[in-house]
Amino acid sequence: MKTENQRRVLITGANRGIGLAFAQECLNRGDQVFAGCRDASGATALQDLKAAHPENCVIVELDITDKCSIGASFETIQKQAEGLDLLVNNAAYTTNLFESIDDFQSEIMLRHFQVNAFASMEIIQRYLRLLRKGRNAKIATVSSEAGSFHSNAKATSFRGYSYPASKTALNMLLMILTAELRPQNISVVSLHPGFVRTRADNSHAPLSPKESVEGMLKIIENLTTENSGGFYRYDGSTVEW
């Protein structure tokens with residue numbers, strides 16, 4: 001049941017993994033959740049979540065790389081919410097994480113930048129109208145420690161090129177965005193989710209999506225315009241840029 005003080009949340013890439021866990025945890029807290037995904041009909045876990053929370057879960061078709069899809073999603077959501085209180089930019093792209101210089105292709109890097117950096121900013125740009133009407137609105141973006149200059153300088157193993165570079169670009173864009181949005185009472189944070197069990201190739205990862213998201217939500221809850229612009233691990237520790 002919707003209430004006057006209910007938090008209104010948009011989550012991108014909500015059909016599986018970390019995005020699905022965000023949707024689950026936010027719904028458990030009583031939020032109204034707009035769960036964005038590219039193929040709603042194929043998102044069976046998300047459909048099950050909606051069945052369990054029919055009043056508060058709205059599945060929205062949203063391909064973050066398609067401006068028409070972004071626009072259509074906005075029209076859908078603004079009919080049901082006068083504002084947004086939290087935007088969780090979760091959808092991302094990666095392939096061939098450990099490409100060497102011999103494997104390097106500008107087309108592959110451009111695809112990473114398109115999804116991980118540019119599309120995230122275009123989502124923010126489109127939804128600013130609703131965020132400006134939100135209550136202490138916040139933008140939380142799932143980034144990665146792989147995008148940290150400091151972390152890469154200290155790394156003991158090779159991390160590839162495209163994914164880390166795209167996340168570094170994302171972090172810089174969010175840092176700049178922080179300064180612009182702070183006077184508008186909108187807070188921004190970059191989050192490293194940790195090594196999470198989200199796919200078959202990292203099934204040995206120590207964190208479940210639920211554990212990661214619970215930690216990130218604690219950071220989001222404590223986010224204000226005063227501490228806006230930080231870069232944190234899911235456990236609350238600071239990631240050096």
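**Ground rules.** The model is predicted, so I kept in mind that local features need pLDDT of at least 70 and side-chain atom pairs count only at pLDDT 80 or more, while totals for chains, interfaces and linings use all residues. Residues are numbered from 1 along each chain as its sequence is written, and side-chain values use heavy atoms, with hydrogens and water left out.

**Overall fold.** I looked up the secondary structure and found seven helices and seven strands. Helices (H or I, at least four residues) and strands (E, at least two) are DSSP runs, numbered from the N terminus. Along the sequence I read the pattern β-α-β-α-β-α-β-α-β-α-α-β-α-β. The radius of gyration is 17 Å, close to the 18 Å from the globule rule for 241 residues, so the chain is as compact as a globular protein of that length. The radius is taken over C-alpha atoms, and the rule is 2.2 Å times the number of residues to the power 0.38. I noted a C-alpha trace spanning about 55 × 40 × 35 Å along its principal axes.

I traced an open sheet of seven strands, order 3-2-1-4-5-6-7, with parallel pairing; two strands pair if DSSP finds at least two bridges between them. Strand 3 (57-61) and strand 7 (230-233) are the edges, each with a single partner strand, so one side of each has no neighbour in the sheet. The twist averages 20 degrees from one strand to the next. (Axes are lines fitted to C-alpha atoms, for helices over the stretch in contact, and angles run from 0 to 180 degrees between N-to-C directions.)

I then checked strand 6 (residues 187-192), which is parallel to strand 7 and joined to it by four bridges. V189 has G230 of strand 7 as its bridge partner. Helix 7 (residues 209-221) packs on the sheet and touches strands 4, 5, 6 and 7, its direction making about 160 degrees with that of strand 6.

**Cores.** Which residues have the most contacts inside the largest nonpolar core? They are I11, F22, L46 and L191, in a core of 34 residues. Such a core is a set of buried Ala, Val, Leu, Ile, Met, Phe, Trp, Tyr and Cys residues joined through side-chain atoms within 4.5 Å; buried means under 20% relative accessible area (1.4 Å probe, protein chains only). Helix 1 (residues 17-28) gives the most to this core, seven residues. I also logged a second, separate core of 30 residues, including V115 and L170.

How values were computed. Contact = heavy atoms within 4.5 Å. Buried < 20%, exposed > 50% of the residue type's maximum accessible area, 1.4 Å probe, protein only.
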